Amino acid sequence: MNTTHSDNAGNPAGRPLSIGDPFPDTELVDHTGAVWKPSDAAGEPLVLILHRHLA
Amino acid sequence: MGYRQRFAVPFIVLSDEERHIYRALGFGRGSFWRIWGWKSAKKYVELLRSGHRLEKTTADTRQLGGNAVVDRDGRLAWIYAGAGPDDRPTVDELIDAVRSLPSAGS
């Protein structure tokens, strides 16, 4: 399991991801408290909405 | 009440407190005026008028968000970096990004 928790995880060059780059398999916590990682959705498209909001 | 319950979100809600995904996608921080300027204030007023509540947050309020689509092979296929808290792709743009992915088995 590739769990990376450094900046620009999954990209050794340290630059932000570009189109076509492998998406980092970073572990996150879901709304039930369970650990989830992008590879859990392997084989299906994944839509990420990175929400920053006060309301 | 949790975010997912409050907004009746039908899909998985994830927490990225350390902002690993934000940084991997290159989502930086907005200026104070971009985050708290007139454009954002107008948006928050609209939300308050529609019944939403502002919530106190201890997180970085200047962290910018955005959207991304990852294809079936686990590769970044599309990205939209928001220039401010009110800058998001339309639903149609997001749907088009997913529909433009190669279909399974191709």
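1. B:Arg19 is partly exposed, at 22% relative accessibility (partly exposed lies between buried, under 20% relative accessible area, and exposed, over 50%, with a 1.4 Å probe and protein chains only). B:Arg19 sits in the loop between β1 and α2 (20-24) of chain B, and its phi is near 60°, a positive value in a residue other than glycine. Most residues other than glycine have a negative phi.

2. On the basis of the model: this is a predicted model, in which local features need pLDDT of at least 70 and side-chain atom pairs count only at pLDDT 80 or more, while totals for chains, interfaces and linings use all residues. Residues are numbered from 1 along each chain as its sequence is written, chains are lettered from A, and side-chain values use heavy atoms, without hydrogens and water.

3. Chain A and chain B bury about 3,600 Å² between them, 64% of it on carbon and sulfur atoms (buried area is the accessible area, 1.4 Å probe, that two parts lose on being put together, summed over both). Chain A brings 34 residues to the contact and chain B 49 residues (contact means heavy atoms within 4.5 Å).

4. On the side of chain A that touches chain B, β1 (28-30) and β3 (46-50) each supply at least two residues (strands are DSSP runs of E, at least two residues, numbered from the N terminus). The largest share of that side, five residues, comes from β3(A).

How values were computed
Helix = DSSP H or I, 4+ residues; strand = E, 2+ residues; numbered from the N terminus.
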